[in-house]
Amino acid sequence: MGEDRPRQGRLAPDVGRAVEARVAEDDFSGSAYAGINNMYLWRGFDLSPDSDFVVQPGLDLSYKGFTVGLWANYDEDASKINETDITLEYSFDIDNVSLA
């Protein structure tokens, strides 16, 4: 009964190669980053008072003026991600001015 379904292990690499080949031809860019800090400070408030450190990873992917960003805060004391932000930005140029 379950033998007719495709195996996920074989499907995932094929999909990854197809996407990679397609976006290579277009205006695609991205960056990944992470910071290790002694606290998560927001508007002057320490949102991680019991932690020794926090890890703040992020990922930005851009395509033809659109950028999608993902940022998170991992709290070492709580052993969990306690905030995730997703952003969407569009930027374009008018004459010599860049707007976003």
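**Stop one: the aromatic rings**

The structure holds three aromatic pairs. Here, rings of Phe, Tyr and Trp (its six-membered ring) pair if their centres lie within 6.5 Å, and planes under 30 degrees apart count as stacked, over 60 as edge-to-face and the rest as tilted. Before you click further: this is a predicted model, where local features need pLDDT of at least 70 and side-chain atom pairs count only at pLDDT 80 or more, while totals for chains, interfaces and linings use all residues. Residues are numbered from 1 along each chain as its sequence is written, and side-chain values use heavy atoms, with hydrogens and water left out.

Select tyrosine 40 and tryptophan 71. They make a tilted pair, 5.7 Å centre to centre with 50° between the planes. Tyrosine 40 sits in the loop between strand 1 and strand 2 (41-42) and tryptophan 71 in strand 5, so this pair ties together parts that are 31 residues apart in sequence. (Strands are DSSP runs of E, at least two residues, numbered from the N terminus.) Buried or exposed, then, tyrosine 40? It counts as buried, at 8% relative accessibility, and tryptophan 71 counts as buried at 19%. The cut-offs are under 20% relative accessible area for buried, over 50% for exposed, and partly exposed in between (1.4 Å probe, protein chains only).

Now pick phenylalanine 66 and tyrosine 90, another tilted pair: 4.5 Å centre to centre, 45° between the planes. Phenylalanine 66 belongs to strand 5 and tyrosine 90 to strand 6, so parts 24 residues apart in sequence are tied together. Phenylalanine 66 is partly exposed at 43%, and tyrosine 90 is partly exposed at 39%.

Switch to cartoon. An open sheet of four strands runs in the order 1-4-5-6, with antiparallel pairing. Strand 1 and strand 6 (80-90) are at the edges with a single partner strand each, so one side of each has no neighbour in the sheet. From one strand to the next, the twist averages 10°, with axes as lines fitted to C-alpha atoms and angles running from 0 to 180 degrees between N-to-C directions.

Walk across it. Strand 1 (residues 28-37) and strand 4 (residues 54-63) pair over 10 bridges; two strands pair if DSSP finds at least two bridges between them. Look for serine 31, opposite aspartate 60 in strand 4. Strand 4 then pairs with strand 5 (residues 66-75) over eight bridges, where tyrosine 63 has phenylalanine 66 as its bridge partner. The hairpin of these strands has two residues between them, and lysine 64 there takes a positive phi near 50°. Strand 5 and strand 6 pair over 10 bridges, with valine 68 partnered by leucine 88.

**Stop three: serine 51 and valine 54**

Select serine 51, in the loop between strand 3 (45-46) and strand 4. It is buried, with a relative accessible area of 10%. Its side chain reaches the backbone nitrogen of aspartate 77 at 3.4 Å, a polar contact (N or O atoms within 3.5 Å; within protein, one must be able to donate a hydrogen and the other to accept it, and residues adjacent in sequence count only if both atoms are side-chain atoms).

Finish on valine 54 in strand 4, buried at 0%. Leaving aside neighbours within four places in sequence, its contacts include Gly35, Tyr40 and Tyr74, where contact means heavy atoms within 4.5 Å. The C-alpha atoms of valine 54 and aspartate 77 are separated by 8.5 Å.
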